[in-house]
Amino acid sequence: MARTCLAVILAAGEGTRMNSTLPKVLHSVAGLPMVLHVMRVSQKAKCDTISIVTGKSAEKVDKIVKDENPSAMVFEQTQRLGTAHAVLAARQSIEAGYDDILVLFGDTPLLTPETLIKMRAELASGAAVIVLGFHADDPTGYGRLLQKDGKLRAIREERDASDVERQIKFCNGGIMGLSGEHALQLLDSIKNDNSKGEYYLTDIVEVANANDLPVKAIEAEETEVMGVNTREGLADVEAIWQQNTRRRMMEAGVSLQAPQTVFFHADTVVESDVNVEPNVVFGSGVVVRKGAKIRAFSHLEGATVGAGAEVGPFARLRPGTDLAENTKVGNFVEVKNAVLASGAKINHLTYVGDAEIGERANIGAGTITCNYDGANKHKTIIGAETFIGSNSALVAPVTIGDGAYVASGSVIVEDVPAQDLAIARGRQVNKAGRGRQIREENIRIKKERTKK
C-alpha cells in the first residue's frame with residue numbers, strides 16, 4: 001500500500017518587508033502566487049492532503065488556495081508563537097493520521113518535487129525527522145546542521161554557535177519531514193524556554209534525539225530553499241525561476257535565440273522545435289505547438305498557437321486566441337477571442353477580436369473588426385478563402401461568406417454572401433486644379449502667420 005502524505009505549508013508571513021498590503025505568499029513568481037508554487041510541488045510529490053497555516057489577511061490566502069485546490073484545508077495561527085506553534089495550528093490534519101508529514105513554507109517557490117520525494121524516501125526508510133539542508137559558500141546568518149556519525153544531532157542558530165560550529169557550511173533550509181507516527185509527540189514536546197518565549201520547530205531535532213529516534217539531513221541546492229522576504233528577494237527568485245525554465249525548455253527541444261530576454265509563465269507549454277526570437281513574453285494560459293515560430297517583441301496570453309504557425313514580430317495575442325496550424329499573425333497585429341482556421345493570415349497592422357476566420361482567408365493591413373458597441377461584444381465570421389482588403393472596418397455582428405472579396409477601404413455593416421464582391425466606400429470625385437489652389441492658399445496663410 002502506498003504511503004500517505006500530508007503537506008503542512010506555513011503561510012502566515014505578512015507583506016510588511018515587501019511594503020505591501022498583500023500577504024507575502026500571494027506575491028507572484030512567473031505570474032503565480034508563491035504559495036501555489038509550493039502547493040503544486042506538494043501535489044507532484046504525491047501528497048494526499050494539503051493544509052495551509054495562515055496569519056493576518058487569512059481570507060485573502062484562503063480564497064487563492066481554495067480556487068487552486070478546493071479540498072485544501074486552511075488553518076489560522078491566531079497567535080504568532082513560533083514555527084512549531086504554527087505547525088500545530090494544523091493539528092486537526094496531523095491527527096488524521098498520515099505516514100509522512102512535510103512541513104513547507106509558502107515563500108519558497110523554487111522547491112522541486114524531486115527533493116520532496118527524496119525526503120519521503122528517508123521517512124519510509126525509518127527516519128523520524130528529516131531536515132533539508134544546503135551548503136553555502138557564505139553561511140553567515142544561517143542555522144548550522146550539526147552532524148555526527150551520519151546522524152543530525154542539532155540545529156544551531158548562528159548567535160548560539162561556537163567559533164568551530166560557525167565554520168560549518170552545511171546550513172538549515174527550514175523544510176522538514178516528520179514521521180506521522182511520532183509527529184504529534186515530538187511537536188508537543190517542544191518547549192518555549194527561550195528569550196522570545198516561542199516554540200521553535202528546529203528544536204524538534206534535539207527532542208527526537210533525546211527520544212532515541214532517527215534524525216537525518218539531506219542536501220538540496222541553496223537556490224531551491226530560497227525564501228522571499230523583500231521585493232529584491234522576489235526579483236532574485238523570479239530570475240532564477242526564469243533561468244531554470246529557459247534551460248528546461250531548451251533541453252526539451254525549444255530554440256531560444258536570446259534566452260535571457262524571454263519570459264515564461266508558470267503554466268506555459270511550448271512543444272519541441274518551436275523557435276522563440278528575442279524579447280518575447282508569455283502570460284498565463286499559453287500553449288505553443290510543434291514547429292511554430294514566435295518572433296521578436298511579441299506578447300502572448302491565454303492563447304493557443306498551432307503547429308507551424310508564425311506570430312509576430314510585435315504581435316499581441318490576447319485571451320481566447322486560437323491559431324490553427326500554419327496560420328500567420330504578423331507585425332503590429334492584435335488578436336483577442338478569435339479562432340483562425342488552418343492557413344489563415346493576418347499579416348500586419350490589424351485588430352481582430354471576437355471573430356472566426358476560415359481556412360486560407362487573408363486579412364489585409366489596417367483591418368478592424370468593430371466588435372464593441374459601447375456595451376456589448378459582437379462576433380465577426382469570415383469564411384474560408386475570403387480576401388479582406390486593406391483598411392477595412394467590419395462592423396459586427398457580420399458574416400462574410402466563403403470566397404468573398406471585400407474591397408479596400410470598405411466599411412462593412414451587412415452580411416456579404418459567399419463569392420461576392422463587397423464595396424462600401426464613398427465614390428471618388430476628382431476636382432480639376434483644386435489641389436494646386438489648396439496648396440497655394442496654404443502657403444499664403446503660412447507666410448502671413450510668419451510675418452506677425
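**Strand E10 and the outline of the chain**

Strand E7 (residues 129-135) pairs with E10 in the antiparallel sense, over six bridges. The model is predicted: local features need pLDDT of at least 70, side-chain atom pairs count only at pLDDT 80 or more, and totals for chains, interfaces and linings use all residues. Residues are numbered from 1 along each chain as its sequence is written, and side-chain values use heavy atoms, with hydrogens and water left out.

Me: What makes E7 and E10 a pair of strands?
Reply: Two strands pair if DSSP finds at least two bridges between them. E7 and E10 have six bridges, so they meet this definition. Within this pair, Val 129 stands opposite Leu 178 in E10.

Me: How do you know that strand E6 pairs with E10?
Reply: Four bridges join E6 (residues 100-105) to E10, and the two run antiparallel. Here Leu 102 stands opposite Gly 177 in E10.

Me: Why is E10 called largely enclosed?
Reply: Buried means under 20% relative accessible area (1.4 Å probe, protein chains only). Ten of the ten residues of E10 (residues 170-179) are buried, so this strand is largely enclosed by the rest of the structure. In the protein chain, buried residues make up 46% of the 452 residues.

Me: What are the helices and strands of the protein chain, and how many are there?
Reply: Helices (H or I, at least four residues) and strands (E, at least two) are DSSP runs, numbered from the N terminus. The protein chain has nine helices and 33 strands.

Me: Why is the protein chain called more spread out than a compact globule?
Reply: The radius of gyration is taken over C-alpha atoms, and the globule rule is 2.2 Å times the number of residues to the power 0.38. For 452 residues the rule gives 22 Å; the protein chain has 31 Å, well over that value, so it is more spread out than a compact globule.

Note on methods. Buried < 20%, exposed > 50% of the residue type's maximum accessible area, 1.4 Å probe, protein only.
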